[in-house]
Amino acid sequence: MKNLLFIGVDQLRWDCVGPHKTVPVKTPNLDRLIENGVSFDRAYCTSPLCTPSRASMLTGDYAFTHGMGTNCDMYHALARELARPERLLHHDLRRAGYRCGFVGKWHVGVEKGPGDYGFEGNAPAGYGNIVKTEAFKDYLSSNGLSYRIEPEVYFNPDQQTMAAGRWCGPQASTPCHFLTDQVIGMLQGLAGGSEPFFATVQYWDPHGPHLISDEFYGVTDRTKITPWDNFSDDLSGKPRRVQRERDDFYRNHPRTEEELVAYIGYYCDHVAMLDYEIGRLLDYLDHSGLAEETLVVFTSDHGDMTGAHGGLIDKGLPYSEAMRVPLIFSHPSLQSGRRDTLALNMDILPTALSLLGVSYAPRQAEDLSAQVLGTSQQGRDYLLAEYHGLRFLYSQRILVSHDNFKYIFSPGDMDELYDLDSDPGEMRNLAAEADYADVLSRMRSALIDETARYQDPLRDCVAKFNGQWRTHSGQFDVTSAYLADAGSGGGQ
């Protein structure tokens with residue numbers, strides 16, 4: 001293998017593809033990609049939000065290192081552009097002689113887009129809603145295509161926050177079809193040169209609103225959709241902000257099983273649309289001969305709540321529906337199979353560069369090439385993830401252990417502890433249960449260690465909230481200063 005194709009999508013649940021499916025969604029192309037590739041069963045996003053997760057995938061660093069902890073275009077954005085763009089890993093590929101192309105959603109800066117960092121292509125900066133671009137309008141016009149939107153579901157009164165409906169146009173008129181055409185055209189150009197290439201296509205789908213094209217509207221059999229097991233969650237064991245966000249931000253969220261099934265149906269139709277486009281791309285690789293020399297990686301920036309936990313919508317929550325992602329490496333030379341190693345989506349490029357033999361400076365991500373090749377099953381003992389807020393600033397840290405316990409640290413509210421083996425739906429918060437006191441203590445100690453190891457700015461808070469006051473974090477300690485001035489020698 002000499003080339004790299006990174007296929008990224010937006011807000012795809014890990015349990016909508018492959019052997020983990022919990023819904024009757026039609027994904028024959030992603031299913032075959034999983035079947036013929038190496039898939040990580042326990043892959044997570046670094047943060048359940050677009051900008052921080054995307055920046056982490058492109059740099060191999062946590063958001064608390066690259067600085068983009070919130071969506072870059074929010075009014076309270078922690079950063080609007082990357083503070084250290086030299087950390088973008090495609091620079092290492094460029095130095096190794098690779099041409100690098102970018103198609104689709106960027107969302108890693110408001111003013112600067114991929115072209116400003118050396119990528120070929122014309123992907124817009126910011127969120128870059130593709131339907132507003134002249135390129136998409138010209139594509140529709142030149143191909144005699146059109147569409148109109150028919151909203152059918154809103155999440156707020158007075159027809160606010162469109163959730164789903166009809167695209168009222170053929171699949172060829174959709175943004176995801178346009179992006180597939182774009183990336184195939186880019187691949188044709190890149191393959192014509194003598195240099196190896198790294199190309200990425202980042203689809204906006206299946207991010208809502210779920211507007212379904214004529215060919216895929218209603219393609220999912222609603223009679224086979226079963227409501228999520230945790231739809232009955234009353235949220236009593238979760239921080240107060242979770243219930244408030246559900247009830248006050250999305251006031252028309254699904255409240256009955258019938259409403260839930262209908263909404264899941266739209267989501268599944270949307271995933272089926274996306275799968276069709278990925279199939280077109282995979283078919284092109286096969287027919288062009290590029291499949292033999294191109295490593296293909298597939299993942300999502302994060303998942304989607306889709307009405308889980310009593311009707312929670314969107315992302316920005318530390319639960320599995322929003323945190324877990326599909327992660328697949330595929331090439332004919334790889335022995336296909338499933339891996340149980342804890343993985344983060346920021347591991348993708350370090351792993352791919354290692355497989356391609358391209359050197360890079362160390363990152364906070366881990367190189368999973370040995371796990372991909374099957375020469376090792378060793379991996380993280382603990383997986384650290386982060387969340388800094390979506391609609392308001394809100395710090396949380398998430399820790400998953402190799403034995404499948406999950407600890408959520410919320411400085412402003414209650415902590416959460418879940419046994420993901422016995423309670424995959426995260427319904428029963430074990431943090432206050434005496435029988436799990438030892439597990440909670442172990443997870444808290446591990447979080448202190450992990451945040452310290454990665455120089456997480458929240459590490460002092462994590463340690464002190466859990467009773468460890470002498471943290472050596474470098475944070476100013478006024479008590480120690482007074483004792484030192486008094487010559488007591490204390491406070492060290």
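Let's start with two helices lying side by side: H6 (residues 175-191) and H8 (residues 257-288) pack at an angle of about 15 degrees, and their axes are 9 Å apart. That angle makes H6 roughly parallel to H8, since anything under 35 degrees counts that way. Keep in mind that you're looking at a predicted model. If you wonder why these two values come up, two packed helices are described by the angle between their axes and the distance between the axes.

Which way do the two helices cross? The crossing of H6 and H8 is right-handed. Now zoom in on the side chains. From H6, the residues taking part are Cys176, His177, Thr180, Asp181, Val183, Ile184, Leu187 and Gln188, and they meet Met273, Tyr276, Glu277, Arg280, Leu281, Tyr284 and Leu285 of H8. Sorted by class, this contact has 9 nonpolar, 3 polar and 3 charged residues. The spacing of such residues has a simple background: an α-helix has 3.6 residues a turn, so residues three or four places apart point the same way.

Helix H1 (residues 28-35) packs with H8 at an angle of about 50 degrees, with the axes 7 Å apart. H1 and H8 are therefore oblique to each other. On the H1 side you'll find Pro28, Asn29, Leu30, Arg32 and Leu33, which meet Asp275, Tyr276, Ile278, Gly279, Leu282, Asp283 and Asp286 in H8. This contact splits into 6 nonpolar, 2 polar and 4 charged residues.

Next, the inside of the protein. In soluble globular proteins, nonpolar side chains tend to be buried together. Here, the largest nonpolar core has 147 residues, and Ile7, Leu187, Tyr203 and Leu417 are those with the most contacts inside it. Which helix shows up again? H8 supplies the largest share of this core, 15 residues. Take Ile7 as an example: leaving aside neighbours within four places in sequence, Ile7 is in contact with Val201, Tyr203, Ile278, Leu281, Leu282, Val296, Val297, Phe298 and Thr299. Apart from this core lies another one, of 5 residues, including Phe155, Ala163, Tyr250 and Ile313.

Finally, have a look at helix H11 (residues 348-356). Is H11 mostly buried or exposed? In H11, 8 of the 9 residues are buried, so this helix is largely enclosed by the rest of the structure. The buried ones are Ile348, Leu349, Pro350, Thr351, Ala352, Leu353, Leu355 and Leu356. After H11 comes Gly357, and its phi is positive, near 80 degrees.

Conventions:
Residues numbered from 1 in each chain as written. Predicted model: local features only at pLDDT ≥ 70, side-chain atom pairs only at ≥ 80, totals over all residues. Heavy atoms only, no water. Axes fitted to C-alpha atoms, helices over the stretch in contact; angles between N-to-C directions. Helix = DSSP H or I, 4+ residues; strand = E, 2+ residues; numbered from the N terminus. Parallel < 35°, antiparallel > 145°, perpendicular 65-115°, else oblique. Left-handed = near helix turned anticlockwise from the far one by under 90°. Contact = heavy atoms within 4.5 Å. Nonpolar A, V, L, I, M, F, W, Y, C, P; charged D, E, K, R; others polar. Core = buried A, V, L, I, M, F, W, Y, C linked by side-chain atoms within 4.5 Å. Buried < 20%, exposed > 50% of the residue type's maximum accessible area, 1.4 Å probe, protein only.
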